Each structure stands twice: as structure tokens, then as C-alpha cells.
Amino acid sequence: MRVLILSDIHANLEALTAALEDASRAGFDDVVCLGDIVGYGASPAGVIDQIVALAPRLIVRGNHDKACAGLDPATDFSPLARRAMAWTRRQLSPEALRTLAALPRGPLAFDADTALCHGAPFDEDFYVLDTMDARRVLMDPPARLCLHGHTHVQTVFHTDDGVVVDETPAGRAKHVVVLNRHEHWLVNAGSVGQPRDGDPRAGYAILDTAAETVELYRVVYDVPRAQQRIRAAGLPAALATRLASGK
Ligand code: ZN
């Protein structure tokens, strides 16, 4: 089975459309979403509709989904994120807000080998940024493979005889992670709608359960159109400019 992994779409319909087109060429049979469907971008309703239409097998909530649904006061949000959240809440129908409010907190079991979460299994809002952070997950892992998001950077950490190794790829349109059965893996699918590694291309991943691989992808999308929507919506201009720099 090939499972499309979408994370941190952040209401960016242009990026989601490009990722889905690219993923269709690569091929997938199932979909999971690792949270932050909305927040920052200018197409929250369109992105929620698109995700609902895809009927993912599992969706875990992200911190922005939780805040937009009114389940979190978002006191730790930056002023930019808080403004975008207030705007997003005004755009969404009661039904769309109920969809966000109903999303479960991670970690969720995809199968016996694979768990899904937004930030980390022990804290949905935790940022796994480096080997020290990854160690906290990999020393008490929820499954052999843990897929997550939240940092908006595609990262790959795994154990190797008890040592945590960073095998984060750089700069390729496609990178294949070959999962070693005897080790534990922590793979960040990256962000579809707001990458932060200096590369503006949308990021997503595909888990191939038969091949025991995770494919990490980056795909060019219509950044100017997504920026134009953000400006036209009256959202902070910084949310548009950062899409071009991928930061
Ligand atoms: Zn996010």
C-alpha cells in the first residue's frame, strides 16, 4: 500500500493542488493528514473541502486546527499567527469549524508498525528540531515508524544501535528513506503549504508499506497566486512574502 502523507497545508490551496497532482503521478492508494490544515493561508474553506473529499484514513489535529476550532486560546501563538487564526475563524462555516473541532489529538496508530502525530507523540505541540529532540521520541517510540510534522521541515532521524542518527536529506525533488526493520524511525513529511527550510517548494511524503520506504517529495507550485490571495484577503503581508523564500 502507498500512503500519501500531507502535513501543514496551512490553507494553501495552490500548494495542495500541486502536491496532489505530483502525488497522483507517483501513485497512492490511501491518504493521512498530520495536522495544520488551516492557519496562515488564504484558502481555509477550499482546503478543508479538498481534504474532506480525499477522505483520509486518519487525520491528527495540529495546533492551528485546534486554535481555529476554539479549543485552545493560542496564547503561545505569534501575533502573525493569531491574526491569521482570527481571520480564518471568520471565513469558516459552522460545519467546517465542527470538522476541525472533531479532529483527534495524536498519536494515532496507522498500523502495527506506524504511528502518526503532529509535533511529537508525548506533546502534540513539541517541535522536533534536532537530534536531541528526536532522541526524546526515539527512546520511547510509539511504533517502529513515527510520522510527524509541525516544524515545516522534512527531517529524518533514526536509531542505530541505540544512537540517534540524523539523515535529513537536502534539496532533492525526491528522496527515498529505506526503513531498516531493526531500528526506529522518526520522519517529518515537511509542509505542503508553508515550507521553512529555505526551499519554497511544497513538501509531502508517501509511505510504501510493501517496499518499507518513505519517499520525501518537493514540488514547485504557483507561489504568486497563493501570495495574491493572502494580500487580497487582507492577511499580514509577511505571510505572503515568506512563501517565496520558504521561511
Ligand atoms: Zn504548521
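This report covers a zinc site, some aromatic contacts and the strands of one protein model.

The model is predicted: local features need pLDDT of at least 70, side-chain atom pairs count only at pLDDT 80 or more, and totals for chains, interfaces and linings use all residues. Residues are numbered from 1 along each chain as its sequence is written, and side-chain values use heavy atoms, with hydrogens and water left out.

**The zinc ion**

The protein donors are Asp8 (OD), His10 (NE2), Asp36 (OD) and His152 (NE2), at 2.0 to 2.3 Å from the zinc ion. Donors are N, O and S atoms within 2.8 Å of the metal (3.2 Å for Na, K and Ca); water is not among the atoms, so sites may look incomplete. Angles among the four donor atoms run from 88 to 175 degrees, and the site is irregular.

His10 sits in the loop between strand E1 (2-6) and helix H1 (13-26), while His152 sits in the loop between strand E6 (145-148) and strand E7 (156-160). Helices (H or I, at least four residues) and strands (E, at least two) are DSSP runs, numbered from the N terminus. The two histidines are 142 residues apart and link distant parts of the chain.

**Aromatic contacts**

The rings of Tyr204 and Tyr217 have centres 4.9 Å apart and planes at 10 degrees, so the pair is stacked. Rings of Phe, Tyr and Trp (its six-membered ring) pair if their centres lie within 6.5 Å; planes under 30 degrees apart count as stacked, over 60 as edge-to-face and the rest as tilted. Tyr204 and Tyr217 are both buried.

**Strand pairs**

Two strands pair if DSSP finds at least two bridges between them.

| Strands | Bridges | Sense | Opposite residues |
|---|---|---|---|
| E1 and E11 | four bridges | antiparallel | Arg2 and Asp208 |
| E1 and E2 | four bridges | parallel | Ile5 and Val32 |
| E6 and E10 | four bridges | parallel | Leu145 and Trp185 |

E1 is mostly covered, with five of its five residues buried. Arg2, Leu4 and Leu6 point one way from E1, and Val3 and Ile5 the other way.

An open sheet of six strands has the order E4-E5-E6-E10-E7-E8, with mixed pairing. Its edge strands are E4 (108-111) and E8 (163-166), each pairing on one side only.

Conventions. Four donors count as tetrahedral if all angles lie between 85 and 135 degrees; four count as square planar and six as octahedral if opposite donors are over 155 degrees apart and all others between 65 and 115; anything else is irregular. Buried means under 20% relative accessible area, exposed over 50%, partly exposed in between (1.4 Å probe, protein chains only).
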